[in-house]
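Reader: I am new to this structure and would like to learn how to read it. Please show me the model, then take me through it feature by feature.

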Amino acid sequence: MNLGQFDPRPTAKYALSKASPFVAAAGLVVDEVSGTRVVGHIELSEQHFTPWGVVHGGVYTTAVESAASIGASEAVKDRGEFAVGVHNATDFLRASKGGRVEVIAEPLQQGRVQQLWLVTVTAGDSGKTIARGQVRLQNIPLPT
């Protein structure tokens with residue numbers, strides 16, 4: 001993603017087509033972005049499975065890190081900064097065999113130097129929590 005490029009639609013710069021191949025493979029589609037909330041979803045399929053037929057936990061970890069980083073970066077962009085994850089603790093609460101999951105990220109704390117975000121991944125059909133993570137992020141200057 002080109003950090004210097006501006007698109008007035010907040011979700012456009014986070015489109016899967018602009019993501020790295022790794023992030024795109026995880027499949028997080030960003031539906032709503034602000035500095036205090038990120039909402040997205042993933043359509044989980046066999047491409048996300050372990051050899052045992054359930055969704056790989058790395059998919060959830062990637063979604064948690066991505067959603068928190070997007071929201072935290074939006075929160076500090078007016079200061080000429082962006083946020084990078086320095087710690088990610090994601091818990092996997094239920095196994096999943098695919099389908100749509102909803103991803104919601106919200107800050108627990110937003111400081112001058114660091115932020116802490118909580119991200120919840122829920123099954124679209126049942127609303128049950130599949131995974132939940134906290135990400136601590138460092139606010140740093142945008143590259144010149």
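Author: Start with one term: two residues are in contact when they have heavy atoms within 4.5 Å of each other. Keep in mind that the model is predicted.

Reader: Which residues is Val121 in contact with, leaving aside its neighbours within four places in sequence?

Author: With those neighbours left aside, Val121 is in contact with Tyr60, Val64, Val101, Glu102, Val103, Lys128, Thr129, Ile130 and Ala131. Val121 is also among the residues with the most contacts inside the largest nonpolar core, along with Ile42 and Val103.

Reader: How many residues does that core have, and which element supplies the largest share?

Author: The largest nonpolar core has 28 residues. At least two residues come from each of β1, β2, α2, β4, β5 and β6. The largest share is that of α2, with 8 residues.

Reader: Is α2 largely enclosed or largely open?

Author: Buried means under 20% relative accessible area. Because 16 of its 20 residues are buried, α2 is largely enclosed by the rest of the structure. The helix lies across β1, β2, β3, β4, β5 and β6, and runs at about 150° to β3. Its length can be checked too: at 1.5 Å a residue, α2 should span 28 Å, and its end C-alpha atoms are 29 Å apart, which agrees.

Reader: How should I read the strands, and in what order do they form the sheet?

Author: Strands of a sheet pair through backbone hydrogen bonds, either parallel or antiparallel. Here 6 strands form an open sheet with antiparallel pairing, in the order β1-β2-β4-β5-β6-β3. β1 and β3 are the edge strands, each pairing on one side only. From one strand to the next, the twist averages 20°.

Reader: What joins β1 to β2?

Author: A hairpin joins them through 2 residues. β1 and β2 pair over 5 bridges in the antiparallel sense, and Ser34 has Arg37 in β2 as its bridge partner.

Reader: How many bridges pair β2 with β4?

Author: The antiparallel pairing of β2 and β4 has 7 bridges.

Reader: Where is Arg100, and what does its side chain make a polar contact with?

Author: Arg100 is in strand β4. Its side chain makes a polar contact with the side chain of Glu102, at 2.7 Å. Arg100 counts as partly exposed because its relative accessibility is 36%. Beyond its neighbours within four places in sequence, Arg100 is in contact with several residues, including Asp31, His41 and Thr122.

Technical notes:
Residues are numbered from 1 along each chain as its sequence is written. This is a predicted model: local features need pLDDT of at least 70, side-chain atom pairs count only at pLDDT 80 or more; totals for chains, interfaces and linings use all residues. Side-chain values use heavy atoms; hydrogens and water are left out. Helices (H or I, at least four residues) and strands (E, at least two) are DSSP runs, numbered from the N terminus. Buried means under 20% relative accessible area, exposed over 50%, partly exposed in between (1.4 Å probe, protein chains only). A polar contact is a pair of N or O atoms within 3.5 Å; within protein, one must be able to donate a hydrogen and the other to accept it, and residues adjacent in sequence count only if both atoms are side-chain atoms. A nonpolar core is a set of buried Ala, Val, Leu, Ile, Met, Phe, Trp, Tyr and Cys residues joined through side-chain atoms within 4.5 Å. Two strands pair if DSSP finds at least two bridges between them. The expected span of a helix is 1.5 Å times one less than its number of residues. Axes are lines fitted to C-alpha atoms, for helices over the stretch in contact, and angles run from 0 to 180 degrees between N-to-C directions.
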